[in-house]
Amino acid sequence: MGKITYKRLKGSQNMRQRLLLATLKSTPVLIEDIHADDTLPGLRPHEISLLRLFEKLTDDCLIEINETGTKLKYKPGIIVGGSHLVHDCGVSRAIGYFLEPLILLGLFARKTLVIILKGITNDSKDPSVDTFRSTTFPLLKRFGVPSEGLKLEIKSRGVSPHGGGEVHLTIPTVQHLTATMWTDEGMVKRIRGEAFTTRVSVQLGNEMIYAARGIFNRLLPDVYIASDYRKRSEAGNSSGYGISLVAETTSGCCISADTTVSYPQGDEEEDIEGEEKKELIPAADVGEKLASVLLEEIEKGGVVDSTHQGLLFLLCALCVNDVSKVRVGKLSPYGIETLREIRDFLDVQFVIKPDPSTGTVILKCWGSGMKNLSRKTT
């Protein structure tokens, strides 16, 4: 066995994208100075959890972390996938943090990925599991991923700080991703969404729905927001409420936004059965504010919302050797960083052309030709 040559990187920025791209391209990486200047230096719990997740999905993976956690050696293994997998994502980041890289690895695995993820299903930092189901999955179909194989079931919801949620995820394998020419945003034809409550009154969910509908119904008639009231074992370990919204357009685009409000540690212990917990933000304000956020995302333009820019660029770069062309709104910081990592790992560069007439940006690239060589064809 020859000596392993590591791609040397510094810092903790874009850790998730770096580990994902390193795994997809089988590139060993050596990352130093991880959170080195922080009060508590070294890898964060969610970053270690992500590494352990990659370890479960791959064969012959090598992970070495020094005593302080500021230096990581990572040699990716073969992406195997498989069923009957279970992973506890912890409570430092939501399940949404893990879903994006997990989906891409699952597409290029040897076997269909079937996994149970436990932790926080909804929070205000990471995209919710609802958003992945309503918006991310339709995005994948644009690149040739079969819709019948994609599945995400929310068995129980969990909000911070204690989580307790559980989702069952199924991702089919693909031979390759299909390039796309996707620049037509279309017009918004309907609004869909879901408001949830865990261990609090269902009335809070109704208030969010009523407030959000109050804004949308002035603009279009087709608005439906479902209610998901969870209690007991399906409500996780903490109290909270939230709402996710998606605008569907005439050209098949899905623009999404979501948010969650949860009670800080200590409120649950002070609660008395039958007594309403103290609200952090009025539920009606949550619904109204998120409706405004979604309208802002629509106004920005583009075929995806700002949260999905990074995933869109990754999918374009991982396509077969063909041209993909997409339109987005103003480039988000996450989207820009993803473009840089794609250039460094995949050697794919996007041609970026602003469209002054609409305020959007058109990006074009030649796919890296990523293929699932291990996938069995029938």
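## Basis

In this predicted model, local features need pLDDT of at least 70 and side-chain atom pairs count only at pLDDT 80 or more, while totals for chains, interfaces and linings use all residues. Residues are numbered from 1 along each chain as its sequence is written, and side-chain values use heavy atoms, leaving out hydrogens and water.

## Domains

The chain is divided into domain 1 (1-78), domain 2 (188-263 + 281-300) and domain 3 (305-366). These bounds come from an automatic or database domain assignment. The centres of domain 2 and domain 3, taken over C-alpha atoms, are 28 Å apart. In domain 2, 5 residues are in contact (heavy atoms within 4.5 Å) with 5 residues of domain 3.

## Strand S14

Strands (E, at least two residues) and helices (H or I, at least four) are DSSP runs, numbered from the N terminus. Buried means under 20% relative accessible area, exposed over 50%, and partly exposed in between (1.4 Å probe, protein chains only). In a regular strand the side chains alternate between the two faces of the sheet. Both faces of S14 are covered, with Val246 among the buried residues on one side and Leu245 among those on the other.

Two strands pair if DSSP finds at least two bridges between them. S14 pairs with strand S12 (residues 188-198) in the antiparallel sense over 10 bridges. There, Arg190 stands opposite Glu248. S14 also runs antiparallel to strand S15 (residues 254-262), joined by 9 bridges. Here Gly242 stands opposite Thr260. S14 and S15 form a hairpin with 4 residues between them, and Gly252 in the turn has a positive phi of about 90 degrees.

## Salt bridges

A salt bridge is a side-chain nitrogen of Lys or Arg within 4 Å of a carboxyl oxygen of Asp or Glu. The count comes to 21. One joins Arg157 and Glu194 (3.8 Å, N to O). This pair links distant parts of the chain: Arg157 lies in the loop between strands S9 (151-156) and S10 (165-171), and Glu194 is in strand S12, 37 residues apart. Arg157 counts as buried, at 1% relative accessibility. Both residues belong to a network of salt bridges that includes Asp130, Arg133 and Asp228.

Another salt bridge joins Arg340 and Glu337 (2.9 Å, N to O). They are 3 residues apart in helix H9 (residues 333-346), so about one helical turn separates them. Arg340 is partly exposed at 41% relative accessibility, and Glu337 is partly exposed at 24%.
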